[in-house]
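Take a walk through this structure, one element at a time. Keep the sequence and the 3D view side by side.

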There are 2 protein chains.
Amino acid sequence: MTKCLHEKEHELAAKNALSNMPSDEETERVAALFKCISEPCRLKILFALRHGELCVLHIVEAVGGTQSAVSHQLRILKAHGAVKARREGQNIVYSIADEHVVAVLSLACEHLHCKL
Amino acid sequence: MTKCLHEKEHELAAKNALSNMPSDEETERVAALFKCISEPCRLKILFALRHGELCVLHIVEAVGGTQSAVSHQLRILKAHGAVKARREGQNIVYSIADEHVVAVLSLACEHLHCKL
DNA sequence: TCAATATATGAATAACTGTTCATATATTAC
DNA sequence: GTAATATATGAACAGTTATTCATATATTGA
């Protein structure tokens, strides 16, 4: 593997890229955030929660699938700080944890020209 | 599986959630976009390209890993519209395809308090 | 045309992850 | 305490995917 022939023109960009790369730890954190919201089931849960908090059964109704599967995904969303939960009697009520989450979703939808 | 006991309080939110769920097709598209940028290797490539276009060898230098692995990931990024490519002699020069991609990255970094 | 460089790609393997099933925990009502 | 409801979770399985290896394609220069 030898040097790129156009090194001169791209030297600056290449140097900049090399010296400004985020650490592996930072990269992993950002990647984990995106991965967390990149599964259709989890994404549906977030979409369902846009209009307000919901208990698990209502989330199951909205997104489909089994209670167990939804519960597993809720756990992952919560572990990554995308949703928060509080108990209310027999129910656990979930809601979106952070306005940044809503903003990222909106931006992605805008990018894809979705009507959300 | 019976109804949630707090149906009355959450009825509105539940109805809203049900009637405003995006289609499966839209959900899949959004999920695919996030999944595309949720792998550390692909994310590193995007970070490397923030400062300007780079040929493949320079990308390999910046993100590490083998040429083959990087090339495979570039293919996926390109297929999802995250990067674009043009030939320049022997080299293929890659760059970020869309300002929305940069915006999503910045928002995620801001959310995680990364210094990017 | 031949050699060298740059990039892409098909196949195989290994690691990861979402779902399912069964079961456990927690709360409320009786 | 017991029954019923709501939610969570461990283990196993299945599907997905990133990497590696070997090789193919494309461009340039001689």
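The contact between the chains draws 56 residues from chain B and 55 residues from chain A. Two residues are in contact if their C-beta atoms, placed from the backbone, lie within 7 Å. On the side of chain B that touches chain A, six elements each supply at least two residues: helix 1 (7-19), helix 2, helix 3, strand 1, helix 4 (56-63) and helix 6. Helix 2 of chain B gives the most to that side, with nine residues. Helices (H or I, at least four residues) and strands (E, at least two) are DSSP runs, numbered from the N terminus.

This is a predicted model: local features need pLDDT of at least 70, side-chain atom pairs count only at pLDDT 80 or more, and totals for chains, interfaces and linings use all residues. Residues are numbered from 1 along each chain as its sequence is written, while chains are lettered from A and ligands numbered from 1 in the order in which they are written.

Now follow chain A. It has six helices and three strands. Along the sequence they come as α-α-α-β-α-α-β-β-α. The C-alpha trace of chain A spans about 65 × 30 × 25 Å along its principal axes. Its radius of gyration is 20 Å, whereas a compact globule of 116 residues would have one near 13 Å. That radius is taken over C-alpha atoms, and the globule rule is 2.2 Å times the number of residues to the power 0.38. Of the contacts in chain A with a separation of 6 or more, 46% join residues 24 or more positions apart.

How much of chain A is buried? Buried residues make up 37% of its 116 residues. A residue is buried if 20 or more other C-beta atoms lie within 10 Å of its own, exposed if 12 or fewer, and partly exposed in between; the C-beta atoms are placed from the backbone.

Helix 2 of chain A covers residues 24-36. Its 13 residues should span 18 Å at 1.5 Å a residue, and its end C-alpha atoms are 18 Å apart, so the two agree. The expected span is 1.5 Å times one less than the number of residues. The buried residues of this helix are Val30(A), Ala31(A), Leu33(A), Phe34(A), Lys35(A) and Cys36(A). Within chain A, they pack against helix 3 (40-49) and helix 5. They also pack against helix 2 (24-36), helix 3 (40-49) and helix 6 (99-111) of chain B.

Next comes the nonpolar core. Such a core is a set of buried Ala, Val, Leu, Ile, Met, Phe, Trp, Tyr and Cys residues joined through C-beta atoms within 7 Å. The largest one has 68 residues. Leu46(A), Leu54(A), Leu46(B) and Leu54(B) touch the most other members. Beyond four places in sequence, Leu46(A) is in contact with Ile37(A), Ala82(A), Ile96(A), Val101(A) and Leu105(A). In soluble globular proteins, nonpolar side chains tend to be buried together.

Turn to the sheet of chain A. It is open, with three strands in the order 1-3-2 and antiparallel pairing. Strand 1 (54-55) and strand 2 (83-88) are the edge strands, each pairing on one side only. Two strands pair if DSSP finds at least two bridges between them. Strand 1 and strand 3 (residues 91-96) of chain A pair over two bridges. There, Leu54(A) stands opposite Tyr94(A). Helix 5 (residues 67-79) of chain A packs on the sheet and touches strand 2 and strand 3. Its direction makes about 115° with that of strand 2. Axes are lines fitted to C-alpha atoms, for helices over the stretch in contact, and angles run from 0 to 180 degrees between N-to-C directions.

Chain B has an open sheet of three strands too, in the order 1-3-2 with antiparallel pairing. Six bridges join strand 2 (residues 83-88) of chain B to strand 3 of chain B.

Finish at Asp98(B), in the loop between strand 3 and helix 6 of chain B. Why is Asp98(B) partly exposed? Asp98(B) counts as partly exposed because it has 13 C-beta neighbours inside 10 Å. Not counting residues up to four places away in sequence, Asp98(B) touches His111(A) and Gly81(B).
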